[in-house]
Amino acid sequence: QFHSCAAFRPFTFLNLNGNHRSAEEGPRSNAAEAALALNVFHTLKRLGERPTGDSITGRVGLLTPYRDQLRVLCRVFKGHEHEVEINTVDGYQGREKDVIIMSCVRAVSPSAGIGFLADIRRMNVALTRARVGLFVVGCEQALRANEKWAMLSEHARETGALVNVPSPDCDLERLQAARAGKAAASSPEEGELLGVASAPGLTRI
């Protein structure tokens, strides 16, 4: 039922424009991404509560590379602690959840790179923690500054997994992929994420 929403794939890149970020925020926190992550969770929960759905309680992990963003996420998800496990990417190594939502944090900046996200080991850990559904929340324009993230972004676009999100609180069930590419299998095997399984340079560790 996670994928009954047209915009949601086993791997979905939710592209949130960096303009939604507050000028007062530092480079390691992003309240707009936290709000979108909460929107993703509420949408998945709503889908799971439908007659053909299953509860997602305890099956969702929320990851970010930065401790500053971890504090923001914990604040935004207050009251959902028993339903979602929130941690840094480093803190999640060796563990899995059915659904992973990753907040990348970084927005477009003329003077800053993408920090920890440029570390291929952290990228590998973050993108291979999900058994059924992986949702990457980030600013595509910022992440494309890095070769590996640019490859992942292009992979998402080509497979119809890139979704441009107009605002963090929009109705996600009304969105469509940015561009439909080559056809994707409709029912991936348990534990194999469509798209991420074939993305370059990633190995589950």
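Helices here are DSSP runs of H or I with at least four residues, strands are runs of E with at least two, and both are numbered from the N terminus.

A quick word on the source: this is a predicted model, where local features need pLDDT of at least 70, side-chain atom pairs count only at pLDDT 80 or more, and totals for chains, interfaces and linings use all residues. Residues are numbered from 1 along each chain as its sequence is written, and side-chain values use heavy atoms, without hydrogens and water.

Back to α2, residues 67-76: its buried residues (under 20% relative accessible area) are Q69, L70, V72 and L73. They sit on the same side of α2 because they cover an arc of only 165° around the axis, taking the directions from the helix axis to the C-beta atoms. And what do the buried residues of α2 pack against? The partners are α1 (31-48), β2 (60-64), β3 (84-88) and β4 (97-103), with contact meaning heavy atoms within 4.5 Å.

Now over to L14, in strand β1 (residues 11-16). L14 counts as buried because its relative accessibility is 0%. Leaving aside neighbours within four places in sequence, L14 touches residues including L36, V40, F135 and V163. V136 is 122 residues away along the chain, yet its C-alpha atom is 5.9 Å from that of L14.

Finally, the whole protein chain: it has five helices and six strands, and 50% of its 205 residues count as buried.

Notes
Buried means under 20% relative accessible area, exposed over 50%, partly exposed in between (1.4 Å probe, protein chains only).
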